[in-house]
Amino acid sequence: MRIVLSDTYRDMSRKAAYIVASQIILNPRSVLGFATGETPLGLYRMLISMYWAGDLDFSGITTFNLDEYYGLSEESPYSYRFYMKKNLFQHINIREDQWHIPRGTAENVEEECRRYDRAIEKAGGIDLQILGLGVDGHIGFNEPDEKFEGGTHLVELQESTLKANARFFPSPEEVPRFALSMGIKTIMKAKKILLLASGASKADVIYEALQGEVIPELPASILQLHPDVTCILDGGAASRLEKERDERFS
Ligand code: F6R
């Protein structure tokens with residue numbers, strides 16, 4: 001695992017954008033895995049700027065998002081489909097048939113999960129997966145569990161996740177309690193992973209995930225076993241790693 005330290009959120013986002021851009025330049029038909037939440041917003045803004053500067057062409061890529069809230073319609077401003085359109089897709093040259101997000105309103109959830117896994121497989125798997133990190137150690141919406149989940153599945157969100165995500169909704173009661181999420185096995189099958197974490201609220205979980213035991217109770221810890229992970233941290237998220245390192249010197 002490569003750990004890249006950045007002083008600021010902006011610098012973290014810029015470094016991440018260069019990595020995503022180089023992936024697209026080296027393979028214009030790349031399959032990218034995208035995340036939502038607050039962390040990748042700066043990265044998406046940088047990618048849009050690169051597109052408008054004429055430096056990046058998205059016309060050949062395919063994308064798969066990690067997750068979607070269960071029960072939110074596609075038009076809901078709180079759905080991840082809406083988020084992706086608003087924060088990235090509507091600003092770049094990507095057609096609707098190039099990007100994929102699990103359908104949160106599918107009548108048959110099990111079937112939707114299998115359909116999503118098949119679509120990822122048919123595309124040849126994910127070349128570069130972008131990940132954020134939940135304060136409870138989740139990646140995608142794979143919450144702490146007794147085992148690592150394989151494929152796309154329905155998840156019951158933990159209280160800490162509901163609380164953390166309430167900031168995106170008009171009131172905490174409106175945060176859906178369930179979501180569809182890509183499984184850990186699919187994430188681990190991505191050829192490369194780019195993990196981003198920003199802010200002091202992520203300092204402990206980053207430390208545990210990168211330096212602690214690999215356990216399903218801390219889903220992100222599995223990334224220690226992936227052969228090609230780049231983790232970009234800003235000063236806040238790196239603070240405990242740096243403190244533990246500095247304490248080893250007299
Ligand atoms: C979102 C996702 C989640 C977020 C995580 C961190 O698609 O998969 O794992 O990455 O909840 O969210 P933020 O970035 O808002 O702190």
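How many helices and strands make up the secondary structure of the chain? There are eight helices and ten strands, where helices (H or I, at least four residues) and strands (E, at least two) are DSSP runs numbered from the N terminus.

This is a predicted model, in which local features need pLDDT of at least 70 and side-chain atom pairs count only at pLDDT 80 or more, while totals for chains, interfaces and linings use all residues. Residues are numbered from 1 along each chain as its sequence is written, and side-chain values use heavy atoms, with hydrogens and water left out.

Two overall values of the chain are set out below.

| Property of the chain | Value |
|---|---|
| Residues that count as buried (under 20% relative accessible area, 1.4 Å probe, protein chains only) | 54% of 250 residues |
| Contacts (heavy atoms within 4.5 Å) with a separation of 6 or more that join residues 24 or more positions apart | 79% of such contacts |

Along the principal axes, the C-alpha atoms fill a box of roughly 60 × 45 × 35 Å.

Turning to the sheet, seven strands form an open arrangement with parallel pairing, in the order β1-β10-β9-β6-β2-β3-β5, two strands being paired if DSSP finds at least two bridges between them. Because β1 (2-5) and β5 (99-100) stand at the edges with a single partner strand each, one side of each is left without a neighbour in the sheet. Within this order, β9 (residues 192-197) and β10 (residues 229-233) pair in the parallel sense over five bridges, and L194 stands opposite T230 in β10.

Conventions: Buried < 20%, exposed > 50% of the residue type's maximum accessible area, 1.4 Å probe, protein only.
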